[in-house]
Amino acid sequence: MPMIHSLGGLEILDSRGRPTVRATCVLTSGATGIASVPSGASTGKAEALELRDGDPARYRGLGCRQAVGNVRGEIAAGLVGQEMADQSALDNALIALDGTPNKARLGANALLAVSLAFARACAAEAGVPLYQHFAAIHTPGKLADSLPRPTINLFSGGKHAGGQVPIQDVLVVPIGAATVDEAMAMTYAVYQAAAELTLEKYGMRALTADEGGLAPPFPDAEAMLGDAVAAIARAGYTPGQEVSLALDVASSHFYTDGRYHLGGEPLDSAGMIRHLVGWLERYPIVSLEDGLAEEDWANWPALRKAIGGRALVLGDDFLCTNPARIRRAIEADAADALLLKVNQIGTLSEAAESCRIAQAAGWHVTVSARSGETEDDWLADLAVGWGGDHLKVGSITQSERLAKYNRLLAIEAETVLKMG
Ligand code: PGA
Ligand code: ZN
């Protein structure tokens, strides 16, 4: 049984230059795991709490010295010398140490870093690839059996760019690719075509947003979608047959006073649903994330009725990788796909529970990075081990994104696994 010999913590910087937490877990066997946690900007209200120092004189209050101190101090004191039968024993111990419903005392960033570092150390101790260890955390005895299809950020708006257009991401989904290798090459072609197109149309060099997407001054969301389709065609692919689109509307962030402020007349929920249906009719969209706001629970079933079967009804801020919210959404038939972000809930075991609940209901799972990422690549292993259908990591630029795509390419090369 793994026994924890030591735990270390380090404040490191994420892809926006903001502090985040890295943990090191050493088992008594000598097996070691190191892991870093990401951080969101377009966060859901029900997310577990990321502990920040709040000292305005240092990193504008975003320092993680307290969270790191909690790893080295209270968490280490509670866990070192303890035998941990498995991941859920470790995660239950972390949850008990914290003692709050949203991990506000020790910080979800501290807890998740330890949860992940322990998983890596256990995979090393067992001598198995991390994706197979993640598969066993999902369900004992499970082996990885497929690769996720990448969905790659092409255009950015909302909170990840200058807010020039309210919707957050237009992603390309290389549906015609048979392999990850082919998917990445197709995406590169579309991205380069999009960069040329935005230079011609908007006079914009290829300046990128937080996740590496292009962010020219689109006049509105329609232009963003139309330009994405034009870029697919310009790259030589047939939109909707070889390359489709996924959309993260992230509508919670432009929903105020019960209205959606998309530009033009503010829309009520029924109007917003009609608007989204209009997009589905005109553009090859296969996945629609947060089409309605997280507070607009009552109208999600109508959204699902209106677009279900045509595109995935994917919940991010709406579900926050939270088992209780996912169960409620299943009962209400309010969605059919989960956006899974481990740090929204704060431990691997709880995120695995969310994943299992969604999959047992026949839902699709998109495993997602955050807009603030690190060079760590555990997310690719997690998406493979947990049978994620899609992997959403950001664009095909910037090393914190490419670390995950490169890891997926390596898993594809060393296994016989195929995209589903
Ligand atoms: P975040 O956004 O990581 O900034 O929260 C990502 C998303 O909304 O999918
Ligand atoms: Zn989202």
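Mentor: Please keep in mind that this is a predicted model. We can begin with Asp 316, which forms a salt bridge with Lys 341, the closest N and O atoms being 2.8 Å apart.

Trainee: How many residues apart in sequence are the parts that this pair ties together?

Mentor: Asp 316 sits in the loop between strand S10 (312-315) and helix H9 (323-331), while Lys 341 belongs to the loop between strand S11 (337-340) and helix H10 (342-345), so the bridge ties together parts of the chain that are 25 residues apart. Buried means under 20% relative accessible area, and Asp 316, at 2%, therefore counts as buried, as does Lys 341 at 6%.

Trainee: Is Asp 248 buried or exposed?

Mentor: The cut-off for a buried residue is under 20% relative accessible area. Asp 248 has a value of 1%, and Glu 289 likewise has 1% and counts as buried. Asp 248 is therefore buried.

Trainee: Which residues are linked with Asp 169 in a network of salt bridges?

Mentor: Asp 169 lies in strand S5 (residues 169-173) and is buried, with a relative accessible area of 0%. Leaving aside its neighbours within four places in sequence, Asp 169 is in contact with several residues, among them Glu 211, Asp 248 and Lys 392, and a polar contact of 3.0 Å joins its side chain to that of Asn 153. The residues linked with Asp 169 in the salt-bridge network are Asp 248, Glu 289 and Lys 392.

Trainee: How many salt bridges does the rule find across the interface of domain 1 and domain 2?

Mentor: The protein is divided into domain 1 (4-127) and domain 2 (149-414), and their contact takes 34 residues from domain 1 and 31 residues from domain 2. Together the domains bury about 2500 Å² between them, with 50% of it on carbon and sulfur atoms. Across this interface the number of salt bridges found is seven.

Trainee: Which element gives the most to the side of domain 1 that touches domain 2?

Mentor: The count between the two domains is 25 residue pairs in polar contact. On the side of domain 1 that touches domain 2, the elements giving two or more residues are strand S2 (19-27), strand S3 (32-36), H2 and H3. With seven residues, the element that gives the most is H3.

Trainee: What is the relative accessible area of Arg 370?

Mentor: The side chains of Glu 47 and Arg 370 meet in a salt bridge of 3.0 Å, N to O, and this pair links parts of the chain that are 323 residues apart. Glu 47 counts as buried at 13% relative accessibility. Arg 370 is buried too, with a relative accessible area of 2%.

Definitions and conventions:
Residues numbered from 1 in each chain as written. Chains lettered and ligands numbered in written order. Predicted model: local features only at pLDDT ≥ 70, side-chain atom pairs only at ≥ 80, totals over all residues. Heavy atoms only, no water. Buried < 20%, exposed > 50% of the residue type's maximum accessible area, 1.4 Å probe, protein only. Domains from an automatic or database assignment. Contact = heavy atoms within 4.5 Å. Buried area = accessible area lost by both parts, 1.4 Å probe. Salt bridge = Lys/Arg side-chain N within 4 Å of Asp/Glu carboxyl O. Polar contact = N/O pair within 3.5 Å; in protein donor to acceptor, adjacent residues only side chain to side chain. Helix = DSSP H or I, 4+ residues; strand = E, 2+ residues; numbered from the N terminus.
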